[in-house]
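Me: I am new to this structure and would like a close look at a single part. Could you start with the place where the chains meet, and then show me what lies around it?

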Amino acid sequence: MRLVNYMRQWRSVAKEALDRTAIVAKFLCLLHVTNNYLCSPTLVYGPSMLPTLNLTGDVLLTEHLSPRLGKVGSGDVVLVRSPVDPRKTLTKRVVGMEGDRVTFFVDPLHTDRCQSAVVPKGHVWIQGDNMYASSDSRHFGPVPYGLIQGKVFFRVWPPNGFGLLEQ
Amino acid sequence: MGLRKLWQYRSIVREAWDQTTAVATFLCGLHVTNKYLCTFGMAYGPSMLPTFNLTGDLFLADRLSTRFGKVGRGDVVLVRSPEDPRKVVAKRLLGMEGDSVTYVVDPKNSDRSETVVVPKGHVWIEGDNIYNSKDSRQFGPIPYGLVEGKIFWKIWPPKEFGSLGQSRMKDPDL
């Protein structure tokens, strides 16, 4: 008799736990879909986008609709999966779209030499704003458009940089 | 009298809402499975003959292998095209980063072959039908980030149901 009582209690507890888990799972699902397809916050750090982005870390809002719709253009700051290490995501500025001719400083720390290149079909040319300390298309060449993951449009942290990013 | 009508509508609206959320939850689950676990697709075109037919084959592709880096030489992979980011193509992976790949540049017109080393973070893909395939021989090695899935099973046509064999035209260990 006592065993039956225990089992009944456990059953109701288990049912409640399952209901709560289902609610949490649905919430995470919605959060994940929003993060991947609409808008997501990202922490970016490093010297390659000074002075636009700080060295020690900025929280940026990126939207994921523009690359899908083909609305990424020159001058946009984008999140790009690195062609050299597919587990890393880079933040750089798009300087040239397919068909553009880009002129760039090969190694501004040591020389004034300039070089010119045409961006092939389906690719983009990305550069960091701080060309003295940035590893970008000047080193690994134009990047396929399919690697662009999102377009940065807003800065959330630090508070004195809150707002849209300047060109 | 009007109030009763409103009450009836309320129950209909509630039932419609419940059905909609059930359908939405199901689609959500389906989408997550398609994107992160396993998806099916149709491949058509001449570039992967004889492995895939010209007019279209249905296959299953898994997405976990690429996430964990478990794709290797000889696998048929789904890749986002570097020339048109809206297209996804199926090709065979022949070289990982650091490999030295020897390929025939233009088999229809000449026997000339070239050797290239695959740079870091990139892979070399080729279609099984080298006479009619646009692949790394034309657009170079592609970044690993463009690899989206590994094809492991064919569902249609029924007489070819089963796992994909190794390439019958090239030895992937070369």
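Reply: Happy to. The contact is built from 16 residues of chain B and 16 residues of chain A. Please keep in mind that this is a predicted model.

Between chain B and chain A, about 1400 Å² of area is buried, and carbon and sulfur atoms supply 66% of that. On the side of chain B that touches chain A, helix H1 (residues 2-37) of chain B gives the largest share, with 5 residues. Sorted by class, this side of chain B holds 8 nonpolar, 4 polar and 4 charged residues. What joins the chains in the way of polar pairs? The rule finds 7 residue pairs in polar contact across the interface of chain B and chain A, while the number of salt bridges found there is 0.

From the interface, we can turn to the nonpolar cores. In soluble globular proteins, nonpolar side chains tend to be buried together. Here the largest nonpolar core has 23 residues, and the members that touch the most others are A:Ile126, A:Ile148, B:Val77 and B:Val123. Two or more residues of this core come from each of strand E3 (77-81), strand E4 (89-96) and strand E7 (123-127) in chain A, and likewise from strand E3 (76-80) and strand E7 (122-126) in chain B.

Next come the charged pairs. Side chains of opposite charge can pair when their charged atoms come close. Over all chains, the search finds 18 salt bridges. One of them joins the side chains of B:Asp99 and B:Arg73, at 2.7 Å from N to O. This pair links distant parts of the chain, 26 residues apart: B:Asp99 sits in the loop between strand E4 (88-95) and strand E5 (100-104) of chain B, and B:Arg73 in the loop between helix H2 (64-67) and E3 of chain B. B:Asp99 counts as buried because its relative accessible area is 17%, under the 20% cut-off. B:Arg73, at 43%, is partly exposed.

B:Glu114 and B:Arg112 form a salt bridge, their closest N and O atoms lying 2.8 Å apart. In B:Glu160 and B:Lys159, that closest distance is 3.8 Å. B:Lys159 is exposed, at 73% relative accessibility, whereas B:Glu160 is partly exposed, at 24%. These two residues also belong to a network of salt bridges with B:Asp57 and B:Lys154.

Finally, a stop in chain A. A:Ser82 lies in the loop between E3 and E4 of chain A, and with a relative accessible area of 5% it is buried. A polar atom of the A:Ser82 side chain is 3.1 Å from the backbone nitrogen of A:Asp85. Apart from residues up to four places away in sequence, A:Ser82 touches A:Lys88 and A:Leu90. A:Gly99, in the loop between E4 and strand E5 (101-105) of chain A, is exposed instead, at 55%.

Notes: Residues are numbered from 1 along each chain as its sequence is written. Chains are lettered from A and ligands numbered from 1 in the order in which they are written. This is a predicted model: local features need pLDDT of at least 70, side-chain atom pairs count only at pLDDT 80 or more; totals for chains, interfaces and linings use all residues. Side-chain values use heavy atoms; hydrogens and water are left out. A nonpolar core is a set of buried Ala, Val, Leu, Ile, Met, Phe, Trp, Tyr and Cys residues joined through side-chain atoms within 4.5 Å. Buried means under 20% relative accessible area, exposed over 50%, partly exposed in between (1.4 Å probe, protein chains only). Helices (H or I, at least four residues) and strands (E, at least two) are DSSP runs, numbered from the N terminus. Contact means heavy atoms within 4.5 Å. Buried area is the accessible area (1.4 Å probe) that two parts lose on being put together, summed over both. A salt bridge is a side-chain nitrogen of Lys or Arg within 4 Å of a carboxyl oxygen of Asp or Glu. A polar contact is a pair of N or O atoms within 3.5 Å; within protein, one must be able to donate a hydrogen and the other to accept it, and residues adjacent in sequence count only if both atoms are side-chain atoms. Ala, Val, Leu, Ile, Met, Phe, Trp, Tyr, Cys and Pro count as nonpolar, Asp, Glu, Lys and Arg as charged, and the others, Gly among them, as polar.
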